[in-house]
Amino acid sequence: LNNIQNYKGNNFEDLIKYSFKFDKKYSIFSSCYDLLPGVLSVNKLANEKILINISKKLGLINPIIGSLPQIRIDRPNDKKRKTQLHQDIWYSFLSKNSLTFWFTIGKLNKKTGPLKIYPETHKLGIQKFRDNNKGTFSADIDIKRFKGHEALLKDDQLIVFNQYLLHESGNNISKLPRISAQIRFNDINTLNQPFSSFRSITSNFVLNEQRKYKL
């Protein structure tokens, strides 16, 4: 894609920096966003022993995958696609015992847009939300009464939080995209019924192709 064969970097962060120089229409970023959920090395994150051990120490008796590991690429000053205030529990509703792991690939500072979290809000229970027609939902709550904190992670750090916790994406005002990874776990031992709400995401490409063959 766009002479990407000339790329000679060492890692994914280098690839993003390299492609950002000439990928004016974001074709590479869009391709990465679509393909990364299916990459084997990305999916292996859900079976990392360190994440499973942390989950158990924090109360998950039998962790199961809540959603496929996701890689986000947040472009500079992109308010249109910014993830608004939300709870991760909305995307599974599977178990009361549930956790999200979040970290960045590459440097994270105030300019690149750290995650903003609102401590104690997980005690409020599931909140009402609105569909913002951007593939995500936004909480219908006055968050001003809670003090938000920026999760400024250092190298090799991650943040883990209850899926009921209200949080939102920070503003990326840097000159480069912010790359982040997210893994969600639920607890099969806290299910009221033996149902799984987990589904891997069907891409828009597949949905469009399906329409061609539907009777």
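This is a predicted model: local features need pLDDT of at least 70, side-chain atom pairs count only at pLDDT 80 or more; totals for chains, interfaces and linings use all residues.
**Exercise 1. How many helices and strands does the chain have, and in what order do they run?**

Step 1: Start by counting the elements: there are five helices and nine strands.

**Exercise 2. What radius of gyration would a compact globule with 215 residues have, and what does the chain have?**

Step 1: For a compact globule with 215 residues, expect a radius of gyration near 17 Å.

Step 2: Along the principal axes, the C-alpha atoms fill a box of roughly 50 × 50 × 35 Å.

Step 3: Check the inside and the outside. Buried residues, those under 20% relative accessible area, make up 40% of the 215. The chain exposes about 13700 Å², and carbon and sulfur atoms supply 53% of that area.

Step 4: Look at who touches whom. Take the contacts between residues at least 6 apart in sequence: 83% of them join residues at least 24 apart.

**Exercise 3. Which residues of helix α1 are buried, and what covers them?**

Step 1: Find α1, which covers residues 12–20. Its buried residues are L15, I16 and S19.

Step 2: Look down the axis of α1. The buried residues fall within an arc of 100 degrees, so they line one face of the helix.

Step 3: Now find the cover over these buried residues. It includes α2 (27–35), β1 (63–74) and β9 (178–187).

Key. Residues are numbered from 1 along each chain as its sequence is written. Side-chain values use heavy atoms; hydrogens and water are left out. Helices (H or I, at least four residues) and strands (E, at least two) are DSSP runs, numbered from the N terminus. The radius of gyration is taken over C-alpha atoms; the globule rule is 2.2 Å times the number of residues to the power 0.38. Buried means under 20% relative accessible area, exposed over 50%, partly exposed in between (1.4 Å probe, protein chains only). Contact means heavy atoms within 4.5 Å. Accessible areas come from the Shrake-Rupley method with a 1.4 Å probe; for residues, only the protein chains shown count as cover. The arc is that of the directions from the helix axis to the C-beta atoms.
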